[in-house]
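Hi,

Here is the structure I promised to pass along. Please have a look, and I'll go through what turned up just below.

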Amino acid sequence: MGNADTKLNFRKAVIQLTSKTQPVDASDEIFWDQFWSESVTNVQDVFALAPGAEIRALREESPNNLATLVYKAVEKLVKIVDSSCRTQREQQTALNCARLLTRVLPYMLEEPEWHSFFWSSLPAAAENESVPLAQSLINAICDLLFCPDFTVVSTKRSGPERAEELSSLDSCEYIWAGGVGFARSPPRCAQHEAARTELLRLLLTCFSETVYKPASQAATHHNRWIAYLTSPENRHALPLFTSLLNTVCSYDPVGLGLPYNHLLFADTVEPLVEVALQVLIVTLDHDTSNAVNEDSDERLPDNLFINYLSRIHRDEDFQFALRGVTRLLNNPLQQTYLPNSSKKVALHQELLVLFWKCCDYNKKFMYYVLKSSDVLEVLVPILYHLNDSRADQSRVGLMHIGVFILLLLSGERNFGVRLNKPYTATVPMDIPVFTGTHADLLVVVFHKIITTGHQRLQPLFDCLLTILVNVSPYLKTLSMVSSTKLLHLLEAFSTPWFLFSRPHHHHLVFFLLEMFNNMIQYQFDGNSNLVYTIIRKRAVFHNLANLPHEHAAIARSLAAAKGKGLHNTTKALPRSRSAESVAEAAMEGSRPAQPAEPGTLNATLPDTPAIATMTERESAHPPAREQLLPRRSGGDGEDRSPERHRDDDDDEDDDDKTTHAIAHKESLRVGSDGAAQEVADEWRPSGEWVATWRGRLPLQTIMRLLQVLVPQVEKICIDKGLTDESEILRFLQHGTLVGLLPVPHPILIRKYQANAGTAAWFRTYMWGVIYIRNVDPPIWYDTDVKLFEIQRV
């Protein structure tokens with residue numbers, strides 16, 4: 001009953017404040033103390049008892065009262081720090097101030113006029129006059145995050161000699177978890193973890209000024225809150241960075257591994273790890289190397305968090321960080337005999353952003369990751385999420401970040417080499433069963449994304465194929481399944497109607513041909529499956545070499561496709577049914593990729609940067625100057641109609657439908673955006689346009705291979721009466737093309753290069769994830785976010 005009374009008192013105080021038209025005197029301590037006295041005991045109560053509409057009304061009708069409320073709350077926190085927050089009552093008051101500010105700040109940040117308010121001085125004590133309100137708040141939060149017996153376990157003996165002043169305390173002694181730069185693991189205390197979580201949530205709320213900037217401004221916006229926290233002026237910068245990183249990387253959700261223990265005991269660590277991870281990626285996002293704005297010469301200080309991350313260099317620190325990230329990435333994929341018996345965490349999106357930041361800012365870390373097979377512990381969960389998310393338009397952002405990370409890693413030779421490690425299927429995935437390497441897994445998943453994925457993934461095709469080209473010179477042996485998949489893609493992408501339907505479609509063919517050339521020139525010995533598949537599908541290459549480029553032939557190709565009416569098909573791409581196709585039963589225990597549940601929230605994203613802007617300019621074929629057309633929406637595009645068996649005679653019809661399914665996706669994509677539709681309508685393929693690239697198709701190596709091997713294979717088949725492909729494969733394994741192929745071309749790797757497009761994309765994606773993940777309490781739910789739109793799928 002008493003608890004209900006105190007909630008009632010808090011609600012009365014809110015009503016009093018919102019109903020007063022006259023400014024309330026700042027010195028009326030009895031009135032203001034109602035908001036943070038021991039009236040509420042959790043953040044959910046504060047959100048329920050202070051409705052958003054009332055806070056907004058207070059901002060519009062009584063701005064002075066709102067300003068005083070925030071001033072008094074910050075002042076209270078500062079006073080508690082000055083008295084070193086020793087009593088239980090002070091600790092409760094500090095948490096209530098933090099809860100109230102977490103509730104109120106988003107409604108102030110959504111209004112640009114209030115942004116400068118936080119950088120004005122506190123009107124309270126004279127000695128604080130020169131310190132802006134935002135700095136006072138961040139200083140107080142950071143002091144409280146290392147407060148003995150409140151957020152950390154005291155290392156001092158209890159008693160009078162314990163009187164340690166917070167303002168002079170060495171927070172490096174109180175780092176929250178052992179790991180990078182801190183060997184000792186302090187004892188755990190659930191109460192301290194819960195207090196840290198609430199204070200970090202307030203920090204995250206302060207940083208969210210970025211989400212109230214339109215996307216056009218957010219790319220160049222420098223967040224002064226983050227700049228101050230990560231600057232040399234913050235004496236807690238190093239211990240805070242270390243605490244956040246170590247808290248995330250030392251977290252083991254399974255713990256002792258007792259079945260169902262997560263259902264019996266409340267876990268105070270997971271909410272702490274979640275908010276610590278979000279604060280960490282947000283602070284690492286703002287590289288403050290530029291001026292505050294174009295009109296000012298003021299420079300922002302160095303971002304010490306980025307500085308610290310870039311300077312980590314010990315192998316044991318890299319191992320700790322990598323183990324932590326891979327443990328959490330693989331956690332949802334682990335199989336257990338008892339259903340739901342072990343705890344699963346859903347931190348994979350934030351973890352992938354953190355992994356990206358670590359590789360981006362610390363190249364030594366990336367080389368360490370690639371130095372051993374540990375990189376495969378990152379690759380497999382990424383491929384799992386790519387495959388699982390391909391039909392769900394609410395997870396398009398997750399698809400992008402997974403592909404961007406693989407693009408970054410594929411620029412390094414070691415990544416291609418590591419892919420040759422045999423793959424033993426431990427994670428049920430909705431892909432054909434195969435026996436092979438991690439390279440085969442990569443090819444099979446990419447094929448599945450391209451052929452059965454959501455329409456909005458079309459801009460990623462160039463990225464997916466660039467990754468395959470980058471790793472191709474190092475792939476020692478591809479399985480028959482993945483070889484067939486690659487040839488199936490070439491069949492689909494090289495059909496005249498598809499090639500002539502959009503100005504950039506021929507790039508996809510260039511990428512695939514370059515991949516085949518790399519494997520033939522550099523890895524011929526082990527790739528008899530691929531060579532055999534190329535021989536079986538030689539008609540595809542002959543058709544490409546004789547591609548029609550006269551105006552009449554182009555018009556005929558386009559008209560024939562329209563005449564068949566196949567461009568309106570909504571079928572997913574059928575599998576290639578060549579003689580070498582194998583039975584494609586999905587892996588045991590897997591479930592098909594599902595579209596989004598109705599009502600799922602989805603944050604919009606900027607357009608995918610074109611591959612030419614994301615990678616270095618050099619290229620084995622002419623650079624793609626045409627930008628990929630922007631795309632914003634599209635249907636699910638997945639129809640799992642039952643596969644029916646077809647003989648080889650059906651191949652041609654199969655490829656026709658394959659191509660039209662891809663092209664239908666493209667027409668859906670373009671039709672979803674007015675400007676893009678206009679561009680597509682204006683563009684018409686011409687004979688001259690086809691001639692500009694047809695002659696540069698890199699077919700010489702493959703044509704020479706066919707010229708040499710096809711007669712030999714045919715002769716063996718006739719002489720020995722062979723009908724079994726294993727004999728032909730054995731012949732190809734022992735064959736050689738030394739001296740018969742053209743001089744090997746140099747290996748060209750398209751390395752990822754930092755660019756404004758992906759920086760803006762990451763910022764928007766990251767805040768969209770944080771917005772949607774923070775539902776309890778819903779910090780930004782009812783506010784006017786401008787960085788992205790929230791849609792219901």
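Which residues does Phe-118 touch, leaving out those up to four places away in sequence? In this predicted model, the partners are Val-70, Leu-105, Met-108, Leu-109, Pro-132, Leu-133, Ala-134 and Trp-225. Phe-118 also stands out in the largest nonpolar core: that core has 241 residues, and Phe-35, Phe-118 and Trp-767 are the ones that touch the most other members.

Phe-35 turns up again around the largest cavity, where the lining also includes Val-14, Leu-17, Thr-18, Ala-50 and Ile-55. Leu-58, Leu-66, Leu-69, Leu-100 and Val-104 belong to that lining too. By type, the lining has 10 nonpolar residues, 1 polar and no charged. Helix 1 (2-19), helix 4 (52-61), helix 5 (63-82) and helix 6 (88-109) each give at least two residues to it, with helix 1 supplying the largest share at 3 residues. The volume of this cavity is about 100 Å³, and the structure holds 6 cavities of 30 Å³ or more.

Now for the chain as a whole. It contains 35 helices and 4 strands, and 58% of its 793 residues count as buried. Among contacts with a separation of 6 or more, 81% are between residues 24 or more positions apart. The accessible surface comes to about 32,400 Å², with 52% of that belonging to carbon and sulfur atoms.

Best wishes

Definitions and conventions: Residues are numbered from 1 along each chain as its sequence is written. This is a predicted model: local features need pLDDT of at least 70, side-chain atom pairs count only at pLDDT 80 or more; totals for chains, interfaces and linings use all residues. Side-chain values use heavy atoms; hydrogens and water are left out. On a 1 Å grid over the protein atoms alone, a cavity is a set of points where a 1.4 Å probe fits but cannot get out, and a pocket is an open set with protein on both sides within 12 Å along at least five of seven lines; lining residues have an atom within 4 Å of a point. Grid points are joined across faces, edges and corners, and a volume is the space filled by probe spheres set on the points. Ala, Val, Leu, Ile, Met, Phe, Trp, Tyr, Cys and Pro count as nonpolar, Asp, Glu, Lys and Arg as charged, and the others, Gly among them, as polar. A nonpolar core is a set of buried Ala, Val, Leu, Ile, Met, Phe, Trp, Tyr and Cys residues joined through side-chain atoms within 4.5 Å. Buried means under 20% relative accessible area, exposed over 50%, partly exposed in between (1.4 Å probe, protein chains only). Contact means heavy atoms within 4.5 Å. Accessible areas come from the Shrake-Rupley method with a 1.4 Å probe; for residues, only the protein chains shown count as cover.
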